[in-house]
Amino acid sequence: MNNNQKANMDKQFFPSQDGKHVNRPIGVEPSTNIRVETNVKIEDDRTGMSVETLKRAFMDNLLYVQGKDESTATLRDYYNALAYTVRDRLLHRFIKTGRTYHEKNVKVVCYLSAEFLMGRHLANNLTNLDIYDKIRQVVRECGLNLEDLIEQEPDPGLGNGGLGRLAACFLDSLASLEMPAIGYGIRYEFGIFHQVLQDGWQAEIPDNWLLFGNPWEIARPEDSVEVKLGGTTEIYHDDKGRYRVCWIPERIVKAVPYDTPVPGYQTNTVNSLRLWKAEASEQFNFDAFNAGNYDRAVAEKMSSETISKVLYPNDNTPQGRELRLAQQFFFVSASLQDLIRIHLHLNPSLDNFHERAAIQLNDTHPAISVAELMRLLVDEHGMYWDSAWDITQKTFAYTNHTLMPEALERWPVSLFEKLLPRHLEIIYEINHRFLEDVRVWFPDDDKLVAELSIIEEGAEKQVRMANLACVGSHAINGVAALHTELLKKDTLKAFAKLWPEKFFNKTNGVTPRRWILLSNPRLTNLITDKIDDSWLKDIDQMRKIEKFIDDPEFCDRWRQIKQQNKADLAAYIKKTRNIDVSINSIFDIQVKRIHEYKRQHLAVLHIITLYNRIKQNPNINIVPRTFIFGGKAAPGYFMAKLIIKLINSVADVVNKDPDVRGRLKVVFLPNFNVSLGQKIYPAADLSEQISTAGKEASGTGNMKFAMNGALTIGTLDGANIEIREEAGAENFFLFGLTAEEVYEMKAKGYKPMDYYQENAELRAVINRIAKGYFSHGDTKLFKPIIDSLLSSDPYMLLADYQAYIDCQEEVSKAYTDRDRWTRMSILNSARMGKFSSDRTIKEYCQEIWGIKPVKIDLEAFSQQAASQVQLEPV
């Protein structure tokens, strides 16, 4: 850098007290009358936390990492420079965390998940490092706005919904509780699709989140591993005469790890999220290129990289199913090989592998881990079968996330034969030994044997991945009290009969740092003003705000905060959808994955009911409501996409009808993700949790809404039951059939047409849709929905309709009583401590994983010590 460049750069660093830049190079005092502080604390530019050091590092990174100065830098350049500044502070802790774990050879939680919906990193990392305000000052003094920089970060769509977001909350809590942990998943090049609306229909466009790079990740090509696919197996005997099997793969894919630091809240612990990218073992075929076969020259590269190309490829084709299974095995094999490598670096053998690694299977996607760990232990490391099986069962634990049989993964045996021939052999052997034991324990019970078998017989034999996970794990857990009971009574009842001691309930939770502190800073400040900030690490302390429930000033502030949050969301709706909504209306919100069992269309029936009442009597007294929907439908799920179209078609009519006079508004916010959720949850008055009882495993959106003071209308399903227990029945709007009643009604022969014929208001709603009122006279558009409701109604909308409408009347009545509503809102927030993911993780650590916290100590920066650092040989 020449002297002119140096002087120009210095101008950026030294704003005067009035905010104007001062043309003063470093080392030159502006006046001899200014006292110079001699007792100066020296900080490392990479790790220092003072405003001055952070500012210097920020501008250094702009110049030396981004290669820009203030005359050419874009907002994205400033964002990247800031991200690298923050990442430096993380890496100091990240390296010390890893070193401490290695030195103490601690047991580590290894969380295997096909999804990690982390959300934006910058704001979360600033919060957890406790430098948000300092960075805001740094950015402001540089003439920038921190919120503008935060908005530059893409929201990585590495998950489909609750499963991936739960994994992210768990990683946050593990680090915040100082628990040794690592997350393993896939570095999808394209995440869950970006949803746009075209004529009211969902359209999918690629989520190219890596387009401008990712400053938070660190590539670790030196830790790459090879993953085998396809081919054949051969039997041989080793030099000791032992029976052995060799897998000769058809192809080999290289798995390259990328590490993302995951910091805990106000701790020194920074754990790792390790995501695997698929690359070709041979990137470029030079012979093929020289022969003029240019496609073949890069064919292996393209084929291999497809594995980590996109989250959840459509599995409606044989190629799609093969790719999904390849994805699952790819990240599982890479992760297990990585764990074994780390273990053998610290331990002389794999005999105590289960004492150093607790591997959690987040649903059935990583269930192939059971067979792969057996292959690695037996085939690659020469362990005897019985010893390997003992270690495998003690290592794995399995979380089930669904009660719906069709959602329990099954793979055709023929696909296993093609893609994972050795694993099919291992699964057959596991199943044979397991069923031999079952026949001894339960002689002559062929039905039980058939239910427990990992292999499902039929026209096409299938591998049941849930059964494999149950057999290969020492613990099986559901994610809400009702869910766990229904698993034991129905979905996994055979395993509960066999191993009742294996079953645990671990009700899901969400991190209050992301979902209150970051999402709702106004509410955070109010609570902290009253009870200090320790509640953010112990959310049960929020109960202390109950004593202010009769304090008029506190209640006024509570209401003001809700109104301000609603105003923020209303502005977003106006900006993105050009719809004006009143913040004095009830913000009635349902945001989640679109699925028939979640019953977004039941809420639509309510909207049309209110609309019909207005059409019958335009002067009717109706409490104004703004209905807000959000969520994505799976690309191949026609009915879910048709529900989105119905919502938008109803919105087009209702929002424009002069008779409505603004009393009803309907809004669908496209591309629901973590960042949009942070805008929505704090603004909600009413949280719609209206799934058919017995279908939702838990739900976590219900927890986020309640923590932010929304009241819930819901069925006795999933975690709703426990939310109602905690908040108090009087602070929850309950309606609908119970899970037992749903089961009994279907067993007796449910006839939805009876409800249609007997309920005039319901009939009018259905008829208005059927006659094309919301589809420009097209009676065929929504016919699939109408036919489903009237013929089978698998999710019991018509049976629950009247109870839902009546309960919504109670909601309107309560909302008009301002003091009562405020009281209910405060109590919902105050009593949600149970639903912190910190509580969930503590239970996992104590009851399933056997993990204890490990404190990370950082040494204070010393200039003398820094100058004497010597690198140790690796």
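1. Let me start with the H24/H25 pair. In this predicted model, helices H24 and H25 pack with their axes 10 Å apart and an angle of about 20° between them. That angle makes H24 roughly parallel to H25. As for the hand of the crossing, H24 and H25 cross in a left-handed way.

2. Here is who touches whom in that pair. H24 brings Gln-600, His-601, Val-604, Ile-607, Ile-608 and Tyr-611, and these meet Ile-643, Leu-646, Ile-647, Val-650, Val-653 and Val-654 of H25. Sorted by class, the H24/H25 contact holds ten nonpolar and two polar residues, with no charged ones.

3. Staying with H25, have a look at Lys-641, which sits in that helix. Is Lys-641 buried or exposed? With 15% relative accessibility, Lys-641 counts as buried, since the cut-off for buried is under 20%. Setting aside neighbours within four places in sequence, Lys-641 is in contact with Trp-201, Gln-202, Glu-204, Ala-633, Ala-634 and Pro-635.

4. One backbone detail to check by eye: just after H32, Asp-793 takes a positive phi of about 45°.

5. Now to the other helix pair, H2 (residues 51–64) with H3 (residues 75–104). Their axes are 8 Å apart, and the packing angle is about 125°. The H2/H3 crossing is right-handed.

6. On the H2 side of this contact you will find Thr-53, Leu-54, Ala-57, Phe-58, Asn-61 and Leu-62. Facing them from H3 are Asp-77, Tyr-78, Ala-81, Leu-82, Tyr-84, Thr-85, Asp-88 and Arg-89. By class, the residues of the H2/H3 contact come out as eight nonpolar, three polar and three charged.

7. Leu-82 belongs to helix H3, and is buried, with a relative accessible area of 0%. Which residues does Leu-82 touch, not counting residues up to four places away in sequence? They are Phe-58, Leu-122, Ile-135, Val-139, Leu-146 and Leu-149. For a sense of scale, the C-alpha atoms of Leu-82 and Gln-808 are separated by 47 Å, and the two residues are 726 places apart along the chain.

8. On to the charged pairs. How many salt bridges does a search of the whole structure find? The search turns up 59. Side chains of opposite charge can pair when their charged atoms come close. The next points go through a few of these pairs.

9. Asp-338 and Arg-341 form a salt bridge through their side chains, at 2.7 Å from N to O. Both residues lie in helix H11 (residues 318–346), three residues apart, or about one turn of the helix. Asp-338 counts as buried because its relative accessibility is 0%, whereas Arg-341 is partly exposed at 39%.

10. Glu-429 and Arg-433 also make a salt bridge, with an N to O distance of 2.7 Å. Glu-429 and Arg-433 are four residues apart in helix H16 (residues 421–441), so about one helical turn separates them. Here Glu-429 is partly exposed, with a relative accessible area of 29%, and Arg-433 is partly exposed too, with 34%.

11. The Arg-543 and Glu-726 pair is a salt bridge at 3.6 Å, N to O. Arg-543 lies in the loop between H22 (521–531) and H23 (552–577), while Glu-726 is in H28 (residues 720–727), so this pair ties together parts that are 183 residues apart in sequence. Arg-543 is partly exposed, at 39% relative accessible area, as is Glu-726, at 23%.

12. One last item on the salt bridges: some share partners, and in this way Arg-220, Asp-223, Asp-259, Arg-274, Asp-338 and Arg-341 are joined into one network. Asp-338 and Arg-341 are the pair described above in H11.

Conventions:
Residues numbered from 1 in each chain as written. Predicted model: local features only at pLDDT ≥ 70, side-chain atom pairs only at ≥ 80, totals over all residues. Heavy atoms only, no water. Axes fitted to C-alpha atoms, helices over the stretch in contact; angles between N-to-C directions. Helix = DSSP H or I, 4+ residues; strand = E, 2+ residues; numbered from the N terminus. Left-handed = near helix turned anticlockwise from the far one by under 90°. Contact = heavy atoms within 4.5 Å. Nonpolar A, V, L, I, M, F, W, Y, C, P; charged D, E, K, R; others polar. Salt bridge = Lys/Arg side-chain N within 4 Å of Asp/Glu carboxyl O. Buried < 20%, exposed > 50% of the residue type's maximum accessible area, 1.4 Å probe, protein only. Parallel < 35°, antiparallel > 145°, perpendicular 65-115°, else oblique.
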